[in-house]
Amino acid sequence: MLKHRIRAGALALASFALLPLACSAQDGPLRYQENQHYKRVNQAESVSDAGTVQVAEVFWYGCSHCYRFDPIVHRWEADIPADVEFVRIPTSLGRKQALNHSRAYYTAEALGVLDKVHPALFKAIHQDGKSLYSVDQIAEVFEDQGVDRKTFDNTFTSFSVENKVRRAEKLVRQFGVTGVPAIVVDGEYMTSARYAGGFQEMLDVADFLVVKQRD
């Protein structure tokens, strides 16, 4: 009888020890709530191909928060699943002079030097104290990364780059993004540090939304 009670007690303790794990698993899908940790964009836009989920970072080179977020999102990007497409959407946030920053991004993308120029543009503004509002200042950053001035000028003023800048500005308005950095998942949901609670938390919410979109 005593052995039976001991065995029963042990089983009860084992079951109790498993409860936190069971609760965590059950609460997982409910961890992030709409309108608390993320929200729907103002106007959804289909942005990804079938079978993929797009995660877009909306940013501005002149934003100090975007500068601090950049290495964090870069580390996250290195481990994304094969069905997740990560893109960046530069924005001027309504500042006319900041449109040159967006042109710089798409120029670097078109020339295949984004990996080098993207961090260099952030550095020029936030470490070297340059505004990069002028074309000449931006051209210097590209030249430092091995792009000659003529190639830069031809690409920076190209129809293709200008179209991408206009498209980006339109998307940001449609999404209703008014502060950066922001993350937009599949053109449908948006989160930011204000909603998620921090930079890493933004990416945790993004991961959650990726799973939500897969379902």
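Predicted model: local features only at pLDDT ≥ 70, side-chain atom pairs only at ≥ 80, totals over all residues.
Local features need pLDDT of at least 70 and side-chain atom pairs count only at pLDDT 80 or more, whereas totals for chains, interfaces and linings use all residues. Residues are numbered from 1 along each chain as its sequence is written, and side-chain values use heavy atoms, with hydrogens and water left out.

User: Is helix 2 parallel or oblique to helix 4?
Analyst: Helix 2 (residues 64–77) and helix 4 (residues 114–126) pack at an angle of about 140°, with their axes 11 Å apart. Angles under 35 degrees count as roughly parallel, over 145 as roughly antiparallel, 65 to 115 as roughly perpendicular and the rest as oblique. Helix 2 is therefore oblique to helix 4.

User: Which residues of helix 4 make the contact with helix 2?
Analyst: Contact means heavy atoms within 4.5 Å. From helix 2, Ser64, Cys66, Tyr67 and Asp70 take part. Their counterparts in helix 4 are His118, Phe122 and His126.

User: Which residue of strand 5 stands opposite Val184?
Analyst: Strands pair if DSSP finds at least two bridges between them. Strand 4 and strand 5 (residues 189–192) run antiparallel and are joined by four bridges. They form a hairpin with three residues between them. Opposite Val184 stands Met190.

Conventions: Axes fitted to C-alpha atoms, helices over the stretch in contact; angles between N-to-C directions. Helix = DSSP H or I, 4+ residues; strand = E, 2+ residues; numbered from the N terminus.
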